[in-house]
Amino acid sequence: VPAGEAPPVVEPSYTGGVSEVKVADNESLWVIARKHQHQGVDHTRMMMAIYNANQQAFIGSNINRLKKGAILRIPEKNDVLALDARQAQRWGRAAV
């Protein structure tokens, strides 16, 4: 961007307009994925996409040990849909 010009505004593709979210007290990956789930995306795939994009926010790489106050990036719908649905289902079952 040349000096004196404002950078172009890029709108997030998530229909809710949220691209990042701060983890609140007692909030789980399950709840965050449900709150920010893109239309037409299954819940397990949304969870896996959020986890993959934010592994540093999970203690010991455990999806059940999300750090309070962590800032999570919410992946765009196309990124979530790029994940294999069957692999996400296996991931979800193994993580419980």
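## Ground rules

Buried here means under 20% relative accessible area, exposed means over 50%, and partly exposed is in between (1.4 Å probe, protein chains only). The model is predicted, so local features need pLDDT of at least 70 and side-chain atom pairs count only at pLDDT 80 or more, while totals for chains, interfaces and linings use all residues. Numbering starts from 1 along each chain as its sequence is written, and side-chain values use heavy atoms, with hydrogens and water left out.

Helices are DSSP runs (H or I, at least four residues) and strands are E runs of at least two, numbered from the N terminus. In H4, Ala88, Trp91 and Gly92 are buried. They sit on the same side of H4 because their arc around the axis is only 100 degrees, taken from the directions from the helix axis to the C-beta atoms. Over on the other side, Arg86, Arg93 and Ala94 are exposed.

## H4 against H2

The buried residues of H4 pack against helix H1 (29-35) and H2, with contact meaning heavy atoms within 4.5 Å. The axes of H2 (residues 43-53) and H4 (residues 85-95) come within 8 Å and cross at roughly 80 degrees. That makes H2 and H4 roughly perpendicular, a label that covers 65 to 115 degrees. Axes are lines fitted to C-alpha atoms, for helices over the stretch in contact, with angles from 0 to 180 degrees between N-to-C directions.

## Phe58

Phe58 lies in the loop between H2 and strand E2 (71-73), and Phe58 is buried at a relative accessible area of 4%. Not counting residues up to four places away in sequence, Phe58 touches Leu29, Tyr51, Ile63, Arg65 and Leu66.

Technical notes. Angles under 35 degrees count as roughly parallel, over 145 as roughly antiparallel, 65 to 115 as roughly perpendicular and the rest as oblique.
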